[in-house]
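Trainee: Before we discuss terms, may I see the sequence and the structure?

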Amino acid sequence: MSVSKAPPHPPTSHLALPPSSTSSSAPSSSATSPSVAAPPPSPVKISMQEHFAINVCPGPILPIPQISDFFPRFHDYPCTPPPPREKKILKEETFNGMTGGFKDGEKTADNEADKDEAFDSDDEDTYLGTLEFNLHFDQDNNCLHCTIHKAKGLKAMDSNGLADPYVKLHLLPGASKANKLRTKTLKNTLNPVWNETLVYHGITAADMTTKTLRLCVCDMDRLGRNEFIGEVRVALKKLKEGENKRYNMGLERIAQNKESNNQTVEQGAEEEERGRILVSLCYNTEKGCLLVGIIRCAHLAAMDSNGYSDPFVKIVLQPDMGKKSKYKTSVKKKTLNPEFNEEFSYEVSLDHLAKKTLEITVWDYDLGMSNDFIGGVELGINASGQRLRHWFDCLKNKGNKVEYWHTLTQQGAPSNDKPD
């Protein structure tokens with residue numbers, strides 16, 4: 001780009017050209033021939049780059065990189081981009097024959113190791129805190145008591161540098177929600193103190209040899225998903241009968257491959273285990289009747305889409321004695337560990353009772369639809385194992401209430417569920 005500039009005034013303009021021979025001869029010619037006028041000088045043409053360079057940057061003119069230099073396709077003519085400007089690199093300090101305090105090749109290797117460590121480092125290497133709790137197994141009542149005392153030095157999970165922790169308990173392997181218990185949530189603390197006791201019902205001595213208790217510490221978020229802080233696991237076979245053992249364990253995070261294996265084991269156990277029921281039997285000789293008590297159920301299978309069930313229990317004394325032989329408990333909403341504490345009476349002589357069979361089935365109530373069968377158990381002379389032992393103990397100990405836990409099976413499942 002170029003501009004035309006008017007001839008400068010000699011006394012004021014700094015762009016005036018040096019006097020030439022033509023301009024010096026002009027006065028003489030005008031003196032000799034005053035009637036002939038001299039032609040005006042041609043305007044001086046300079047580039048805009050030179051114009052700004054002269055006015056702004058006195059001194060040597062340096063090339064100014066244009067944006068088009070970096071995008072040659074915008075040029076109307078072929079052009080090579082300017083060479084990149086060199087940046088000054090500060091030399092690292094050298095001493096004892098080493099650069100920057102490192103030997104040759106050592107610094108590069110260490111930097112790569114640091115990058116790998118930062119990439120591979122996980123919360124497993126960080127301190128997550130400790131959890132203090134007690135475990136006690138009551139074999140007489142088939143209960144496992146877990147008292148959560150406190151946690152110390154938990155990892156901060158919220159933006160305020162604190163957390164809202166709670167503890168969640170799982171029995172592995174087993175159904176997902178049927179054996180989950182949790183404490184209350186404590187707000188804004190990294191050293192929570194719960195002193196809360198959670199109880200698992202229906203735990204037998206055989207369970208203590210095969211199951212593992214998992215205690216997870218989580219941070220509750222109302223607006224988002226709850227965050228996992230850490231966990232501890234205790235093999236229940238290490239807990240002796242009647243022992244009240246205290247634990248103080250550091251939280252950790254189990255690898256994903258181990259977790260997936262545990263989930264697979266849990267899913268397999270969930271398909272096999274339908275739940276358990278606590279039943280009491282007592283034959284009253286004065287009234288000549290059998291008292292059947294449905295106390296509670298534990299670890300029932302989830303039948304609804306929300307991960308829970310609406311269980312109730314049906315009791316039938318076979319052979320069928322009409323309407324007097326069929327009873328049904330109330331429905332407990334959205335639970336896998338219902339507590340009924342309901343008792344039913346059958347008027348039957350002791351001689352006839354020995355030949356009968358008591359069918360107990362657990363169902364999931366669905367409004368306006370067929371009820372889902374969860375599991376059942378049969379007690380009587382044709383039963384075996386613990387079910388037969390329970391029946392004999394009832395007939396033998398007349399007037400005494402005998403309680404037994406029984407595992408629910410597919411026994412008693414109907415071909416087509418009919419709504420009641």
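Mentor: The protein exposes about 26,400 Å², and carbon and sulfur atoms supply 53% of that area. Accessible areas come from the Shrake-Rupley method with a 1.4 Å probe, and for residues only the protein chains shown count as cover. This is a predicted model, in which local features need pLDDT of at least 70, side-chain atom pairs count only at pLDDT 80 or more, and totals for chains, interfaces and linings use all residues. Residues are numbered from 1 along each chain as its sequence is written, and side-chain values use heavy atoms, with hydrogens and water left out.

Trainee: What share of the 420 residues counts as buried?

Mentor: Buried means under 20% relative accessible area (1.4 Å probe, protein chains only); 34% of the 420 residues count as such.

Trainee: What makes strand 15 and strand 16 a pair?

Mentor: Two strands pair if DSSP finds at least two bridges between them. Strand 15 (residues 311–318) and strand 16 have 3 bridges in the antiparallel sense, so they pair. Valine 316 stands opposite lysine 326 in strand 16.

Trainee: In what order do the 4 strands of the open sheet stand?

Mentor: The order is 16-15-18-19, with antiparallel pairing. Strand 16 (326–328) and strand 19 (372–380) stand at the edges because each has a single partner strand, so one side of each lacks a neighbour in the sheet. From one strand to the next, the twist averages 15°.

Trainee: Which helix lies across strand 18 and strand 19?

Mentor: Helix 7 (residues 386–396) lies across strand 18 (357–364) and strand 19, running at about 55° to strand 19. Axes are lines fitted to C-alpha atoms, for helices over the stretch in contact (heavy atoms within 4.5 Å), and angles run from 0 to 180 degrees between N-to-C directions.

How values were computed
Buried < 20%, exposed > 50% of the residue type's maximum accessible area, 1.4 Å probe, protein only. Helix = DSSP H or I, 4+ residues; strand = E, 2+ residues; numbered from the N terminus.
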